[in-house]
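Biologist: Could you walk me through a few side chains in this model, please?

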Amino acid sequence: MRPDLFEHPDYYGLDELLSEEHKLVRDATREWVKRDVSPIIEDYAQKAEFPQQIVKGLAEIGAFGPYIPVEYGGAGLDQMSYGLMMQEIERGDSGVRSTCSVQSSLVMYPIYAYGNEAQRNKYLPKLASGEWLGSFGLTEPNFGSNPGGMVTSFKDMGDHYLLNGAKMWISNAPFCDVAVVWAKNEEGRIHGLLVERGMEGFTTPETHNKWSLRASSTGELVFDNVKVPKENLLPNKSGLGAPLGCLDSARYGIAWGALGAAMDCYDTALRYSKERIQFDRPIGGFQLQQKKLAEMITEITKAQWLTYRLGQLKNEGRATTAQISMAKRNNVDMALTIARDARQMLGGMGITGDYPIMRHMMNLESVVTYEGTHDIHLLITGMDVTGISAFK
Ligand code: TGC
Ligand code: FAD
């Protein structure tokens, strides 16, 4: 890939509203991405391999548990900093951001919010330092958009629980050290269990042949009579609301992340439009190319303000599930449209790995599906404004 010359667009002067700490976190993350991710990511995406060597760096910049308190190894930052970090990391690659979302919002967050002190002390420092990687098992072969129907279940055997079932489409599954697994007890109530690699009957086969999110590893979590110690049940929250609460945090990070991917596509296309000469002029001088660029910067600017305001609400503990849904849906859709237009602007070069656009575009096809599909988020907004669920 070419040298990473990324500069973020700021058409409405949003930077003036960021604190010095926010800018420091954003700029430090950007420098790290330019140095440690951009030079290698195309190669790893082509090979369909997760670059394990970046795990230590991600931990060092605080990307594992940015908002988890320092006493548990987290970075103790606010939600705006968490968002800006996800923006910069997904600007590099959605698969790398995926790893951070899973580790922070889907593994560390439930252990912090629903776990007891012993569980926090045992797992959080190891996850924050990157010594351990985690995964989050909610989706099943027959229950994706409707996770409440899950069939993975556990029985109380007196001195342990016996877990059976399978989860699929699980990010980081093939190498995770611990999985937060959502399963039903004998009364049909959903609980979170901490399942560790090495427990007998627990396997994590890898999912192959993905055209999207190729630098992120995806797999299954299979439980065949796995004996889970009783102390591995998350005690402080149960019911479908428990996993959905984790999704709120991850979807918030994705709203910021998609913005980063869109910015990278826009920045690349703008630069190219000034350099590429056809009919003796830079293609950026043609009205049809300017229309694309003008629409891109307009949509990015609108999404920046939506996301910034969401960050303020999240910092105040006031962001609702429906507000987060709206931002996730809007920003991912916006990023996909921009990626498709930007790819066209680069002509034939747009399909190569010399530029990041095609990779972003393919990645975003997963991002628009996971953590609630585009249509599910629309229905969450519909439910919020009408008070009537389209799911029942
Ligand atoms: P519904 O009846 O609406 O709700 C069930 C219970 O949950 C409560 N609740 C929430 N609680 C906390 N936070 C939230 N966000 C909540 N949303 C709902 C709700 O109040 C209720 O509580 P109670 O006490 O009344 O029982 O549930 P439903 O079955 O009708 O489903 C609603 C629906 C469709 C919106 C939901 O199931 C949904 O969001 N589906 C999409 C599934 C999804 O997003 N899966 C993601 C899997 S993880 C993933 O993709 C990771 S990718 C990671 C990466 O690589 O980055
Ligand atoms: P389905 O639910 O079968 O949906 C198929 C289509 O039907 C979609 O277009 C959907 O919008 C539509 N549809 C469904 N219900 C309705 C309705 N009521 N009204 C209108 N339309 C509807 N899951 C995890 O638990 N952990 C992970 O780490 C994880 N990582 C992932 C990584 C990748 C790369 C991918 C692709 C997925 C990952 N997922 C993970 C799973 C992801 O969350 C699901 O794919 C997603 O929730 C959709 O479920 P599904 O694929 O079963 O699609």
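Modeller: What follows is a short talk about one histidine and some aromatic rings. This is a predicted model, where local features need pLDDT of at least 70, side-chain atom pairs count only at pLDDT 80 or more, and totals for chains, interfaces and linings use all residues. Residues are numbered from 1 along each chain as its sequence is written, and side-chain values use heavy atoms, with hydrogens and water left out.

Biologist: Is His-377 buried or exposed?

Modeller: His-377 counts as buried because its relative accessibility is 0%, where buried means under 20% relative accessible area and exposed over 50%, with partly exposed in between (1.4 Å probe, protein chains only).

Biologist: And what does His-377 touch?

Modeller: Leaving out residues up to four places away in sequence, His-377 touches Arg-251, Ser-325, Lys-328, Arg-329, Glu-371 and Gly-372, a contact being heavy atoms within 4.5 Å.

Biologist: New topic: how many aromatic pairs are there?

Modeller: The count comes to 15 aromatic pairs, given that rings of Phe, Tyr and Trp (its six-membered ring) pair if their centres lie within 6.5 Å, and that planes under 30 degrees apart count as stacked, over 60 as edge-to-face and the rest as tilted. One of them is the stacked pair of Tyr-11 and Tyr-12, with 6.4 Å centre to centre and 25 degrees between the planes, and both of these tyrosines are exposed.

Biologist: What about Tyr-123 and Trp-132?

Modeller: Tyr-123 and Trp-132 form a tilted pair, at 6.1 Å centre to centre with 55 degrees between the planes, and both residues are buried.

How values were computed: Chains lettered and ligands numbered in written order.
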